[in-house]
Amino acid sequence: LGFVESSCHSRIFWMKLNKLLLQGKFFQLEINDPYSGPILLDEKLASRCGYVLSEDIWGNPVFRASVLGCHVVNEADELFSLTVNIKVSSFSNMRAAVTYTYPMYCSYSSWASREIVCEENYMEVSVKTDVPSVSNDYTVAWMSALPETQNVAYQLWQLMFVSPSGRKIITVSDAAKLGYSFNNTLYRVYLRAPYHSNESDITMVSGVDMNMVTSTSMYRQRWLLLLIDTTVSCPVDGIHFTDTTLTWTVPRIIPTLVVKESTFLSKTILMGVDDQVIVNPEEKNYLLEHNKTHIRITIPIGAEGGKLKSSVSGGIYGVIYNIDLFLEHTWTDADWQTTKYTVIKSITTPFMPQIPSITNNTLPEERLFNVALGHFLPDVSLVAITIGNVPFTLREAQHRGFKIYETPFSNTMKAFILEISFDDPYILKEYLNRNETKYTLLVNYTLSVGPEMTLYYHSAALDCVIADIELPEAVGYCDEENLYLAIPTFGLHQYWNLYLGNKLLTQHVAHINGYLAATNSTHLVLQVPLFAVGVIYEEVSFQKIRARFDVALRKVRTMETLQMFSISCSFNSSAFISKLCNQSINKKICDSILHFITISLIFSVCHPDGTITISAQMKTVPAIDMSKTKLRNSSCKPREYNEEHAFFKFHVSTCGTSVRFEGDHIIYENEISYEKETLPGQSTSTITRDPDYRLTVLCYYRAKETLVLGAFASDPSSSSPFGSGRMVPRSNIAVYRRKRQALNVVSRVSKDESFTEFYESNMAILKRPLELVFLELELKDESPDTELHLEHCWVTESLDFSSTQRRNITLNG
């Protein structure tokens, strides 16, 4: 039979079945008795009749039998045969089973005077029945048995057991009911006993627990009284494990089996694996050592001759090692001449966790992840993988373009290799720094482990950072009216975005700000009119207007600014003003954030940061001195001037600029005037030679889009994005100024333009610098002769009204 192997060693039949060749079918063993036919093998029959049926860690069935077994054909204690029926079926109830008859043969003639076999499920002792020579040595054990001999039945074998509970004499048939087996062959008598019977006892010998059955077999016939010592003792532990080795220890001298230790002489000590004697253990890294008290075998875990099996426990991968050892110790002593003591021990280690290792062999230059998962035994197979959150069978993964294969190692271990391109859609990509990308492979392996095919899952995450991003370079140019920025579209919205200040530059933002954004296959071209939102005026003078437009390149996730794209151009002031005036006559240009007011020959630019620049051409008769022109605040003089022009630059919060609301706009207003020169005269009349000159300048800002608001702002030198203010009623100041009559004046700050909900008095109000403030002042006076006129309105960070740190809201009403 191709799925069966058998042998015979040291009077033990050995038979192994290959589970794989059984093709996953069910099987049973029957012992073919030469007289009564097949008998189904079960545990009770096995221990009583000298059989062992077990499995190795791979699940392969193993059968062993003593040549003194119940159904073994014995020819003169030299030739032995046993026939086993192997029944194989596809069904668990064994119906429609196919029976294979398998005979085994064994020859054994080198019997010792006493032979003891310690198997996994039984202990067996057999002794020669030769009549020994006359001796004057009588031991205590034999003398204690003599009083019982008077009660020995005539021509009937009986067994006497001595245990801590007392002595018990029973017939052979009664002993069989207790699991014992007693019989004789042509030259021998044997007793087989199960472990841990009621008649047994546990005794520690040299630190090893021994299971012992003390018995005497008795037979009486006429003038013959036959007493045979059938005591047997076998080790039940003595196994010790470390992380790398297993050790099996057996006592060298067992007192219950050696009455006179002074006559004990050890002859041979042999070890074996499976059914083979190991002549030179050191060649296989085994260690067999002994001293006066112990015999010790040490085996490296994973050594040749044993079997490693993969397993999963609690979701953790690990291995189990098993090895079938036997120890054969032959000694002599004065009482027994020669004793052959054989112990068969199948040793299995506890579960040993083995965390799989991930080896990263990624090839950045080839943009290829290469990861090895190992090391595994041959009984582990990869059945599926999950990349990211997407599961793939091996066939699907191969079809998808992933490379998956096994790589062997010299020690019969293996690993699973996975190769995936950086550019695969299931690879995570993260833009890191200016020119680096982090590629991340998230993989979860599904493996089938061991003969049980238990599923095991192992996940891994691999990162690789490479410099494969090139930052874009923008190109800028200008025409007579516009500034242009051409920016490559590669990586736009994937790695980085464009920002105008702190606002994301989208098509909608470009449209409402008056930009024109056009995209081709490679670039985004942004057309920005000269006076559009976001244009910074680096220089405004009689000769030229120098304008700059900035766009920030920021990372998508972190908003980190990588670089600024800027275009700066100079425009001829006269030519541009002339063209602008021609296009703007009789038109209101207040629909955009920046406005140009053309009054006579004045050119006014209202900048987004609240700065106003004015270039005024003043042709009067007679001519006036342009150096003496001023704004409402007489300290605000022109920065440049000549015979016909004056150039002013000031902020909306200075120089007496007033503010008012008109619809959805904020209007800032100031006035250019001329200080007349008064000539000295002799009468009360005033003489002047200068014409009366007064020119009003207006700037319009949309209320909801204003970029600058001086009210409630913090110190201009501070970079904090928030300011704070506190509205305090000023009725007490009114009392101080107007001692004749106490006026009830109440000031409140509204939460919005509806003036229906107000902040509580004396409450700190936090406002952004660009946020509108809605202020209401009310005169609570019923006198018809009293009117309320607002002259100066300002805010300060101090509760002291005499504070000089003020932010004007209105001046001179």
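Helices, of at least four residues, and strands, of at least two, are DSSP runs numbered from the N terminus.

**Figure 1. Overview of the predicted model.** This is a predicted model, and the protein in it holds seven helices and 64 strands. Of the 813 residues in the protein, 46% are buried. Among contacts between residues at least 6 apart in sequence, 59% join residues that are at least 24 apart. The structure also holds 23 aromatic pairs, and the count of salt bridges comes to 24. The close-up views that follow take up individual sites.

Figure 2. Lys-340 has its place in strand β28, which comprises residues 337-348. Lys-340 is buried and yet has no salt bridge, the nearest side chain of opposite charge being that of Glu-115, at 4.2 Å. The side chain of Lys-340 does make a polar contact with the side chain of Tyr-108, at 2.9 Å. With neighbours within four places in sequence left aside, the residues in contact with Lys-340 include Tyr-108, Ser-110, Ala-112, Arg-114, Glu-115 and Ile-116, and also Glu-328, His-329 and Thr-330.

**Figure 3. The hairpin of strands β26 and β27.** Strand β26 (residues 307-313) and strand β27 (residues 316-333) run antiparallel and are joined by seven bridges. Within this pairing, Ser-311 stands opposite Gly-318 of β27. The two strands form a hairpin with two residues between them, and in the turn Gly-314 has a positive phi of about 60°.

**Figure 4. The hairpin of strands β32 and β33.** Strand β32 (residues 380-387) pairs with strand β33 (residues 390-393) in the antiparallel sense, over four bridges. Ile-387 has Val-390 in β33 as its bridge partner. Two residues lie between the strands of this hairpin, where Gly-388 takes a positive phi near 65°.

**Figure 5. The aromatic pair of Tyr-317 and Tyr-456.** A pair of aromatic rings is described by the distance of the centres and the angle of the planes. Among the 23 aromatic pairs of the structure, the one formed by Tyr-317 and Tyr-456 is tilted, with 5.8 Å centre to centre and 45° between the planes. Tyr-317 lies in strand β27 and Tyr-456 in strand β38 (residues 454-466), so the pair ties together parts that are 139 residues apart in sequence. Tyr-317 is buried, with a relative accessible area of 2%, and Tyr-456 also counts as buried, at 5% relative accessibility.

**Figure 6. The salt bridge of Lys-284 and Glu-304.** Side chains of opposite charge can pair when their charged atoms come close. In this view the side chains of Lys-284 and Glu-304 meet in a salt bridge, at 3.2 Å from N to O. The pair links distant parts of the chain, 20 residues apart, with Lys-284 in the loop between β23 (276-278) and β24 (287-290) and Glu-304 in the loop between β25 (294-300) and β26. Lys-284 counts as partly exposed at 27% relative accessibility, whereas Glu-304 is exposed, with a relative accessible area of 53%.

**Figure 7. The salt bridge of Asp-424 and Arg-400.** The side chains of Asp-424 and Arg-400 meet in a salt bridge at 3.4 Å, N to O. Asp-424 lies in the loop between β35 (414-421) and β36 (428-431), and Arg-400 in helix α4 (residues 394-400), so the pair ties together parts that are 24 residues apart in sequence. Asp-424 counts as buried at 9% relative accessibility, while Arg-400 is partly exposed, with a relative accessible area of 30%.

Figure 8. Glu-406 and Lys-414 bring their side chains together in a salt bridge of 3.4 Å, N to O. Glu-406 is partly exposed, with a relative accessible area of 46%, whereas Lys-414, at 10% relative accessibility, counts as buried. Elsewhere, salt bridges that share partners join Arg-11, Glu-115, Glu-124 and Arg-192 into one network.

Conventions:
Residues numbered from 1 in each chain as written. Predicted model: local features only at pLDDT ≥ 70, side-chain atom pairs only at ≥ 80, totals over all residues. Heavy atoms only, no water. Buried < 20%, exposed > 50% of the residue type's maximum accessible area, 1.4 Å probe, protein only. Lys, Arg positive; Asp, Glu negative; His and termini not counted. Salt bridge = Lys/Arg side-chain N within 4 Å of Asp/Glu carboxyl O. Polar contact = N/O pair within 3.5 Å; in protein donor to acceptor, adjacent residues only side chain to side chain. Contact = heavy atoms within 4.5 Å. Pairing = 2+ DSSP bridges. Phe/Tyr/Trp six-rings, centres within 6.5 Å; stacked < 30°, edge-to-face > 60°.
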